[in-house]
Each structure stands twice: as C-alpha cells, then as structure tokens.
Amino acid sequence: MYEKAMFAENLKKIILQRGTTQREIAEKLGVTETTISRYVTTGPKGRTPNVESLVALAQVLNVSLDALVGVEPPATARQAPDVKILVSAYEKASLEQREAIWSMMTAFMLLTPEQKVIIEAIDNQEKTEAV
C-alpha cells in the first residue's frame, strides 16, 4: 500500500545513494530546488509529484516507479518461494538428475513447438557443458 511518507523517505535515500543533490535533480527536471525539498519532506508541508513529474523523477534517478514510491511489485511478478527452491535444487543436480527431472516434468507440461525447441537447446547446452 502506498504511503506518502514512504515516498519522501525513499526519495531521500535514493538521492543519497546516487551521490547527487536536490539542486542537481531540480535542474535536470526544470523545477525549483524548493519543489524537490517539498518532495522529500514528510508531514503537512510535504508534497507528492503528479504522475508526469514522478515518471521524470524516476528516469532522472534511474529507478523504477515501484522503488521510488515504495510499492511492492504485484505478486505475479515475484517468484514464488517454492519456485526458488526448485531452481536451486535443479542447479545443484547432476546431468543425469536433470534429465530425470525434465522427463518427469514433461508429463505435466503442454508445450508449444517453440518451447520444445528452447528446452531441447538448453538440454543440449547442459550436455555440452558437462563434457
């Protein structure tokens, strides 16, 4: 959930991390230093930029809007913990174990011809690297 104070704190932190100043950011955006100062201020004197200014600010700072406003990406964009565990286990598996994993998984996958080609290429690459 978005919180105005979170935006101000994130902006302060990002400015420090970038080693830049409010004045430099203001110049790049074509706004006053006071405007940037209000963005990093919490409480009643603080201001939140409009969408266009927010996008420009994120571009100047080279960060995502999610990072700037402190919003987690949607759950679908994050990898589920069980997927991380499976990937980790797969990476540790021997070539023979990987082949067994793929043979078991193919029974559950409905693959397009393009996906089959990609999987075959990965399999061939792993076999080549194992030699």
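A salt bridge is taken here as a side-chain nitrogen of Lys or Arg within 4 Å of a carboxyl oxygen of Asp or Glu. In this predicted model, Glu-33 and Arg-23 meet that description, with their closest N and O atoms 3.2 Å apart. The two partners come from distant parts of the chain, since Glu-33 belongs to helix α3 and Arg-23 to helix α2, 10 residues apart. Glu-33 has a relative accessibility of 34% and therefore counts as partly exposed, while Arg-23, at 51%, counts as exposed.

The structure holds two salt bridges in total. The other one joins the side chains of Lys-12 and Glu-9, with 3.3 Å from N to O. Here both residues sit in helix α1, three residues apart, or about one turn of the helix. An α-helix has 3.6 residues a turn, so residues three or four places apart point the same way. Lys-12 is partly exposed, with a relative accessible area of 33%, and Glu-9 is also partly exposed, at 40%.

After the helix comes Asn-62, whose phi is positive, near 60°.

Turning to the aromatic residues, a search of the whole structure finds two aromatic pairs. Phe-7 and Tyr-39 form an edge-to-face pair, 6.4 Å from centre to centre and with 65° between the planes. Phe-7 lies in helix α1 and Tyr-39 in helix α3, so this pair ties together parts that are 32 residues apart in sequence. Phe-7 and Tyr-39 are both buried. In the pair of Tyr-90 and Trp-102, the ring centres are 6.2 Å apart and the planes stand at 85°, so this pair is edge-to-face. Tyr-90 is part of helix α6 (residues 81–92) and Trp-102 part of helix α7, so the contact ties together parts that are 12 residues apart in sequence. Tyr-90 and Trp-102 are buried too.

The ring of Tyr-90 has a further neighbour in Arg-98, whose charged end sits over that ring, 4.5 Å from its centre. Arg-98 lies in helix α7, which covers residues 95–106. Although it bears a charged end, Arg-98 counts as buried because its relative accessibility is 17%, where the cut-off for buried is under 20%. A polar atom of the Arg-98 side chain also lies 3.4 Å from the backbone oxygen of Ala-93. Leaving aside residues up to four places away in sequence, Arg-98 touches Tyr-90, Glu-91, Ala-93 and Glu-126.

Conventions. Residues are numbered from 1 along each chain as its sequence is written. This is a predicted model: local features need pLDDT of at least 70, side-chain atom pairs count only at pLDDT 80 or more; totals for chains, interfaces and linings use all residues. Side-chain values use heavy atoms; hydrogens and water are left out. Helices (H or I, at least four residues) and strands (E, at least two) are DSSP runs, numbered from the N terminus. Buried means under 20% relative accessible area, exposed over 50%, partly exposed in between (1.4 Å probe, protein chains only). A polar contact is a pair of N or O atoms within 3.5 Å; within protein, one must be able to donate a hydrogen and the other to accept it, and residues adjacent in sequence count only if both atoms are side-chain atoms. Contact means heavy atoms within 4.5 Å. Rings of Phe, Tyr and Trp (its six-membered ring) pair if their centres lie within 6.5 Å; planes under 30 degrees apart count as stacked, over 60 as edge-to-face and the rest as tilted. A charge sits over a ring if NZ of Lys or CZ of Arg is within 6 Å of the ring centre and within 35 degrees of the ring normal.
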